Amino acid sequence: ILIMFGHIALSLPFAKGALFASIGLIVVGTGLLKPNISDMVGGLYSETDRRRDAGFSIYLFGINLGAAIAPWAVPWAASGFGFHLFGNQTNFHAGFSLAAFGMFCGLVQYVLDGKKYLSKDSLYPNDPLTEQRTPIIAKSLLVIGTFIVLLLILAAFNQLTITNLITIITIIAIALPLYYFIWMLNSKKVTLVEKKRVIAYIPLFISAVIFWIIDESGSVVLALFAEQRTILHLGSWHFTAANFQTLNPLFMMLLTPLFATLWDHLKKRPSAPVMFVAALVFAGLSYAFMALPGLIYGTTAGRVSPFWLVGSWFIVELGEVSLSPVGLSITSHLAPQAFKSQMMSMYFLADAAGQAVNAQIVKFYSSATEVPYFLTIGAISIGVGIILLFFAKPINRLITRTTN
């Protein structure tokens, strides 16, 4: 419901006020939706069920199906649904209204089919608020109140800008995982064995953050590359820079069934740390690939073939299809019993932290810095992957000992 209202706000012509309202509604709505629905998927399988990774692959396929449609549907709606209703102008309010309508359809489907197909256990939280309800509500209100006061102070000094808001969100996105790890490692609800699981998860979490820095750049750096440096036609077929955003989910859908089948048929599949290593290496190679057109043709020679972007997205999606299902699965597997949904939140906070870092380093990207930008970040990703490889066996031994 909150995500739906967030997109309704974006569909209305209320400028910056609507943008800030939509950010708040979509952030809170996504925070309520994503970790809980992922926890429900994990709850469909026992700890020893080999189908867990394949189950998360199917779950991710559904997500990417919608994501593949959006980069074509939104520009189509923004251009007047094919009828040029807005003349030659682009009206993205109409595009955002499609997302609101999609959320409404999803809500109706969930209400009608959720109780019919989901187990009763999945309809209740693992750690319901009982005697600790009052202090938790008080802490939540304190955090929200502090954030509102901060925004009011910025507004009073005429500093409530998009840049400053992004900086605040970046700090929160990086600080929250630190808080969560400290909270779980010091909680009396977490057993000694479960704490060892959390410790084993920390290097995987850091690796995931670095991977998402590159993977999530598709909507930032690669979008700029598509707009500024890419030929936007193949023969007589013309397309928009926004259409490239369909490559990420499209490759995920093409590769996911192959990898899901592979997981089911492998007698001895690679361990989770090794899969994270593969993801980091693929991510780094995708950025190294993006440095090639600048190295070959120069960065001032005009536009280059769209197949550079296609190739880069394909390589990084080899990494995502390696990391995402396994990442969700290992997060669900290592989660302390009292923090099942919170642990799933941790996995999504890796993505959030990656995007937060992305929001800051994108400032260093331009056509002049294109080659060193891609090579530097790509090298960091591959380097961290190599370091993780040396620690893969100790991490895997710790995971195995604490889950047997």
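## A buried salt bridge and its surroundings

Glu-370 and Arg-229 make a salt bridge, with their closest N and O atoms 2.8 Å apart. The term stands for a side-chain nitrogen of Lys or Arg within 4 Å of a carboxyl oxygen of Asp or Glu. Glu-370 sits in helix α13 (residues 370-403) and Arg-229 in helix α8 (residues 221-229), so the pair ties together parts that are 141 residues apart in sequence. A search of the whole structure turns up 1 salt bridge.

Before going on, a word about the model: it is predicted, so local features need pLDDT of at least 70 and side-chain atom pairs count only at pLDDT 80 or more, while totals for chains, interfaces and linings use all residues. Residues are numbered from 1 along each chain as its sequence is written, and side-chain values use heavy atoms, with hydrogens and water left out.

Are the two partners buried or exposed? Glu-370 is buried, at a relative accessible area of 0%, and Arg-229 is buried too, at 4%. Here buried means under 20% relative accessible area, exposed means over 50%, and partly exposed is in between (1.4 Å probe, protein chains only).

**The chain as a whole**

The chain has 13 helices and 2 strands. Both are DSSP runs numbered from the N terminus: helices are H or I with at least four residues, strands are E with at least two. How does the radius of gyration fit a compact globule? For 404 residues, a compact globule would come out near 22 Å, and the chain has 22 Å, which agrees. That radius is taken over C-alpha atoms, and the globule rule is 2.2 Å times the number of residues to the power 0.38. Along the principal axes, the C-alpha trace spans about 60 × 45 × 45 Å.

Of the 404 residues in the chain, 42% are buried. Take the contacts with a separation of 6 or more: 75% of them are between residues 24 or more positions apart. A contact means heavy atoms within 4.5 Å.

Ala-15 has a phi near 55 degrees, a positive value in a residue other than glycine. Ala-15 belongs to helix α2 (residues 15-42) and counts as exposed at 65% relative accessibility. Asn-158, also not a glycine, has a positive phi near 60 degrees. Asn-158 is placed in the loop between α5 (133-156) and α6 (162-186), and is exposed with a relative accessible area of 65%.

**Pairs across the sequence**

| Pair | Sequence separation | C-alpha distance |
|---|---|---|
| Ile-37 and Met-344 | 307 residues | 9.3 Å |
| Phe-339 and Ser-187 | 152 residues | 10.0 Å |
| Ile-202 and Asp-53 | 149 residues | 20 Å |
| Ser-345 and Ala-155 | 190 residues | 31 Å |

Ile-37 is another residue of helix α2, partly exposed with a relative accessible area of 30%.

Phe-339 is in the loop between α11 (307-334) and α12, and at 2% relative accessibility Phe-339 counts as buried. Which residues does Phe-339 touch, leaving aside neighbours within four places in sequence? Phe-339 is in contact with Trp-183, Met-184, Ser-187, Lys-189 and Val-190.

Ser-345 lies in helix α12 (residues 340-361) and is buried, with a relative accessible area of 17%. Ile-202 is in helix α7 (residues 192-215) and is partly exposed, at a relative accessible area of 25%. Leaving aside neighbours within four places in sequence, Ile-202 is in contact with Phe-181 and Leu-185.
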